[in-house]
Structures are given as structure tokens and as C-alpha cells.
Amino acid sequence: MRDTLSSTISSVTDLLLRRQAAPDVLTEQTGAAFAPVSPVEIEACAVSKTFGATRIFSDVSFRLARGEATALVGANGTGKSTLLRCLMGLIPTSGGSVYLLGQPTNEVAGREMRNIRAQVGLVSQKHNLVPRLSVLSNVLHGLLGKHPGIRHWSHSLAPQSSRETAMQALERVGLADFAHRRADRLSGGQSQRVAIARAIVGAPKILFADEPCASLDPSAGEDVMELFFRLVRDENVTVVFTSHNIEHALKYGDRVLGLAQGRIQLDATAASLSSADLRGLYD
Amino acid sequence: MTDTTPSRFELARFERPSAISFLGYALGLVIIFWCLAGAGFSLEKVASSPPRFADFAARAFPPNLDPQVLSRLGWKMVETLQIAFAGAVIGVILSVPVALLAAKGLIAGPWVNQIVRTGLSFIRAVPDIAWALVFVVAVGLGPFAGMLAIVIDTIGFCGRFFADDMEATDKGPAESLTATGARKLDVVACATIPGSLPAFISTSLFALEKAVRSSTILGLVGAGGIGIELKVGFDLFDYPTAMTVILMIAVVVIGIELVSGWARTKIIGEQR
């Protein structure tokens with residue numbers, strides 16, 4: 001156990017040294033740790049999270065630029081999903097600050113927070129569709145941040161313009177023909193594509209994806225990832241996704257953040273890493 | 001050195017209770033006997049009751065099947081069901097906003113949750129027959145008082161269980177909508193309530209069964225329904241008519257339970 005831990009730490013330390021030596025494609029070397037060329041859309045400053053006496057992670061800091069796709073990797077229980085929720089302001093941090101689109105999420109609340117979140121989308125591992133409602137209603141719910149109120153509760157009540165926007169989102173994920181089908185009558189891959197349509201229907205600037213293909217078979221998972229990144233790259237959306245799939249992290253991420261032992265142990269461009277490098281995080 | 005530890009296949013079937021457990025069991029037995037004494041439990045009375053029960057049965061059977069009596073009782077049963085349905089439907093509808101205020105982490109803060117839950121506990125603590133007496137005083141004798149008693153009783157029952165159902169529903173869809181900036185009310189309307197709907201329907205059907213059972217005895221205190229016929233039957237020693245009322249109540253209550261069970265399976269069975 002101790003041997004495994006020390007070998008992990010040494011391999012991660014090697015990677016960190018390599019990262020410092022390698023030029024980062026998305027940053028300029030200006031003396032600061034990271035000085036993104038594009039505007040910063042997500043910034044974590046010394047973020048920590050504890051549940052009771054259990055420390056999940058601490059001193060997590062990074063800045064993500066517009067259009068950057070970042071893979072958050074790490075073994076089970078390292079706090080990837082918790083970090084994602086902290087970034088979205090869904091759960092409070094225990095320390096440090098998070099800035100989304102330049103706004104400090106732990107200092108704003110109510111309408112201000114909702115306005116920030118209206119520019120954010122979330123795709124979850126379990127799809128999180130409302131089972132008894134239609135596919136179209138589920139996608140329309142993605143517009144509630146921008147259009148609150150009863151008219152977006154159901155496809156029967158929605159204004160024509162919103163229905164068209166939702167249909168376009170469904171068209172983009174190839175499920176326009178399923179608009180009136182109940183969400184619980186879809187396969188896992190179809191459900192996840194509907195969840196993607198719901199996440200992109202509001203044209204978000206930032207998308208968070210928490211293991212988006214973990215509940216899918218490898219083929220469906222590959223399809224979903226291809227589709228997801230094809231859609232978001234077209235729109236220059238900033239993406240943070242967690243994944244246990246090392247190949248996905250390297251293929252779809254511009255940058256990889258590795259969580260281990262409650263800290264960011266790896267922060268490097270995907271191009272500078274190999275599968276073997278990331279496996280160290282899982283030992 | 002031989003290992004004397006029993007393997008996991010040779011463990012004792014029963015464990016010797018600790019001193020505290022033993023005291024707990026003894027205290028439990030004392031409480032049971034104390035309650036039996038308070039309830040006037042008497043083996044002598046139990047032994048002597050079968051002949052008396054047989055005497056009642058002999059005087060009650062055959063039930064009164066006179067067409068005029070059956071017609072009168074039939075209409076009273078219809079009124080009973082009207083009280084139950086109207087009261088249960090209004091109660092279920094009013095329970096939804098009450099439950100929203102009672103459920104933790106939805107639209108109201110912890111203080112409001114606690115106050116509403118305490119109010120619901122109070123409603124449930126007062127028996128439906130006592131509510132009927134209160135409403136007879138408030139709105140006078142008749143079925144309206146009975147209906148109001150059913151409404152308030154249903155709110156106490158459904159308000160609590162709807163709140164529990166919403167707290168227990170899958171938080172995922174709500175989180176996905178919250179993450180995109182939806183208001184709490186929109187999240188509740190679009191994710192929490194649809195997610196809890198099967199449980200709401202099941203609870204509502206139980207509430208309807210409960211309302212039908214309750215409404216059959218509200219007449220005992222003048223709050224409408226067939227209960228008054230039961231009281232009059234016993235008061236006048238007209239046991240055949242009283243037996244007819246008892247059998248009608250049994251048939252209707254069992255019928256409602258069967259229909260409700262079928263509807264529950266049908267509706268919730270569709271949820272995969």
C-alpha cells in the first residue's frame with residue numbers, strides 16, 4: 001500500500017516537473033503560473049472542501065480559459081464530482097474562492113447566481129432526465145434559467161420560439177423524431193443525448209460534464225463523447241468534464257487536471273501526456 | 001498450538017443478551033402487562049363473550065333486506081362516498097402546497113419546514129371523529145361538516161407523506177435544472193413534483209381509502225353519511241338493520257381497496 005502510494009507520488013511529481021518544462025499551448029510564460037491567452041471563464045483559488053472531519057481536497061487552484069476543454073481525472077473518492085459541484089456553486093466550498101465568468105460564486109446569491117448559472121450547462125452521469133415527462137419538455141427545462149415561469153414547465157405550454165429552439169437542440173443530437181416520447185422510454189445512449197440537448201439548448205458559455213459516458217457501453221459512450229465535443233467545439237464553449245477513461249481525457253481534453261491525495265497533483269496539456277502518465281493517478 | 005476460535009460456520013445461533021438488553025426486555029414485558037391491566041384485559045370476559053356474541057349474531061341475522069331499508073341505506077352510502085371523495089380530492093389538492101412548505105430543502109427555510117410539520121403533526125394527532133365534532137359545532141350538523149373533517153384529516157396525512165416523498169425523490173434532475181439557473185419554484189414544478197408523482201398517486205389512493213373508512217363513522221356524531229344509521233340501529237336494538245349497515249360498509253370499503261390497489265399497480269407499474 002505504502003509502496004503504491006510512494007510510486008504514485010513520485011510518478012506524479014515527475015509529471016509535474018515535465019509540465020513545468022513543457023510549454024503550454026494555451027498559456028504564455030509571463031512569470032505567473034498560468035496566464036491564459038483567452039479570457040478566464042473559470043477560476044479556482046485555493047479551493048478546499050471538507051465533509052465533517054473528512055477533508056476531500058484542499059488548495060485547489062487553476063484558471064480555465066474560454067473554449068478550453070479540461071478533463072478532471074482521478075481515482076474514485078478523490079473528489080472530482082465534489083469539485084465540479086463546488087465550481088458550479090451547487091455546494092459551498094469550505095475555503096477559497098471560485099469565479100465563474102468573472103463572478104465570485106461564493107459571494108453572490110439569488111437572482112445574481114441564477115444569472116451566472118443561466119450561462120452554464122450540466123451533463124450528469126445518470127442523465128438526470130425527468131422520467132415521466134416528454135423528451136421535448138425535458139429539453140425545454142434547459143431554458144428555465146433564461147425564461148423562468150410556467151410557460152417552460154411543459155412542451156404543451158411553451159411558446160413557439162422556445163419549442164423551435166428545443167427542437168433544434170434535439171435535431172443537433174439526432175433525436176428530433178423522439179420529441180414526444182416519454183424520457184423513461186429511451187435507451188441509455190438516447191437519454192444522455194437528450195441530456196446533452198438540454199444542456200446546450202440555452203447556448204451556455206460553460207458546460208460541466210460529470211462522467212458523461214460512465215453509465216453507457218463503450219460504443220454508446222464513444223458516440224456520446226464524439227457528439228458532445230463536436231457540438232461544444234463549434235460554439236467555443238468552455239468544458240470541464242470528469243472521466244475515468246484515460247483515452248477520453250487525452251482525446252477530448254485540451255488540458256488535464258489530476259486529483260490525488262486531496263490535491264491537484266497534475267496540471268498539464270493533454271498533448272504533453274500519455275496514457276501511462278495518467279495511470280499513475282489511479283495506482 | 002491449535003486454533004480454538006470457532007470457524008464462521010460454527011458460531012452460536014443466539015447471543016447471550018447484555019445486562020442492559022436484558023433489562024430492556026424485562027422493562028418491555030412490564031410495560032405490556034401494565035397496558036393490558038389499564039385496558040381492563042380479562043380472560044374471564046374473553047371466555048364468556050362467545051355466547052353473547054352468538055346471541056347478537058342470532059338476533060342480527062338474517063340482515064334486514066327490506067327494499068325500502070336497502071334503498072334508504074343505499075342513498076346514505078352514496079352520501080358517505082360523496083363526503084369521502086369530495087373531502088379526499090380537496091384535501092389532496094391542498095396538501096401539495098402545504099407539503100412544499102413542509103419539505104426540507106425545497107422552497108422554504110428550516111423554520112417554516114418545522115412549523116408546518118408541527119402543524120401537520122397536530123392535525124394527525126386529533127382523530128377524524130374529533131375534527132367532525134369541531135366542524136359540526138362550526139358549520140352545523142350534516143355532510144358538510146363531515147367533508148371538512150375529511151379535508152383536514154387528508155391534509156394531515158398527505159401533507160406529511162407528500163413532503164417525505166419530495167425529500168426522498170431523486171435529486172439529480174433538480175440539480176441539473178438548478179445548475180442552469182432555474183428558480184426554486186421552477187425546479188420543484190419541473191423536477192421534484194413530476195419525480196414524486198407515482199408516490200403522490202399511491203399516497204392519494206391510500207388517503208381515499210382512509211377517507212371512505214372514516215366517512216362511514218362520521219355520522220355517529222351527526223356529520224353525515226351512513227354512520228347515523230348504524231347508531232340508530234344499535235340504539236333501537238334493530239340489530240338486523242345494523243348488520244346490513246355493517247355489511248354494506250365492509251363491501252364498499254373492500255371494493256374501494258381493491259379498485260385503489262388496481263389503480264396503484266396500473267399507474268405506478270408504468271413507471272420503469
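Are A:F228 and A:F229 buried or exposed? A:F228 is buried, and A:F229 is buried too. Here, buried is under 20% relative accessible area, exposed is over 50%, and partly exposed is in between, using a 1.4 Å probe and protein chains only.

Some ground rules before we go on. This is a predicted model, where local features need pLDDT of at least 70 and side-chain atom pairs count only at pLDDT 80 or more, while totals for chains, interfaces and linings use all residues. Residues are numbered from 1 along each chain as its sequence is written, chains are lettered from A and ligands numbered from 1 in the order in which they are written, and side-chain values use heavy atoms, with hydrogens and water left out.

## Rings next to rings

A pair of aromatic rings is described by the distance of the centres and the angle of the planes. Rings of Phe, Tyr and Trp (for Trp, its six-membered ring) pair if their centres lie within 6.5 Å; planes under 30 degrees apart are stacked, over 60 edge-to-face, and the rest tilted. Over all chains, that rule gives twelve aromatic pairs. One of them is A:F228 with A:F229: the ring centres are 5.1 Å apart and the planes sit at 90°, so this pair is edge-to-face.

Chain B has a pair of another kind. The rings of B:F53 and B:F56 have centres 6.4 Å apart and planes at 45°, so they count as tilted. These two residues are three apart in helix 2 (residues 43–60) of chain B, which means about one helical turn separates them. (Helices are DSSP runs of H or I with at least four residues, strands are runs of E with at least two, and both are numbered from the N terminus.) B:F53 counts as exposed because its relative accessibility is 58%, whereas B:F56, at 18%, counts as buried. Ring pairs also join B:F53 and B:F56 with B:F234, B:F237 and B:Y239 in a cluster.

## Charges that pair up

A salt bridge puts a side-chain nitrogen of Lys or Arg within 4 Å of a carboxyl oxygen of Asp or Glu. Over all chains the count is 23 salt bridges. Here are some of them:

| Salt bridge | N to O distance |
|---|---|
| A:E41 and A:R66 | 2.9 Å |
| B:D164 and B:R160 | 2.7 Å |
| B:E209 and B:R264 | 3.5 Å |
| B:D170 and A:K126 | 3.9 Å |

Start with the A:E41 and A:R66 salt bridge. It links distant parts of the chain, 25 residues apart: A:E41 is in strand 1 (residues 40–51) of chain A, and A:R66 is in the loop between strand 2 (54–65) and strand 3 (69–74) of chain A. A:E41 is buried, with a relative accessible area of 3%, while A:R66 is partly exposed at 38%.

Next, B:D164 and B:R160 are four residues apart in helix 6 (residues 143–168) of chain B, so about one helical turn lies between them. B:D164 is partly exposed at 22% relative accessibility, and B:R160 is partly exposed with 30%. Both belong to a network of salt bridges that also takes in B:R117 and B:E167.

## Where the two chains meet

The size of an interface is often given as the accessible area lost when the parts come together. Buried area is that loss (1.4 Å probe), summed over both parts. Between chain A and chain B the buried area is about 2,300 Å², and carbon and sulfur atoms give 56% of this. A:R114, A:R132 and A:W153 supply 26% of the area that chain A buries against chain B, more than any other three residues.

Counting contacts (heavy atoms within 4.5 Å), 30 residues from chain A and 25 residues from chain B take part. Two salt bridges cross the interface of chain A and chain B. The side of chain A that touches chain B gets two or more residues from each of helix 2 (80–88), helix 3 (110–117) and strand 6 (120–123) of chain A. Strand 6 of chain A gives the largest share, three residues.

Technical notes
Buried area is the accessible area (1.4 Å probe) that two parts lose on being put together, summed over both.
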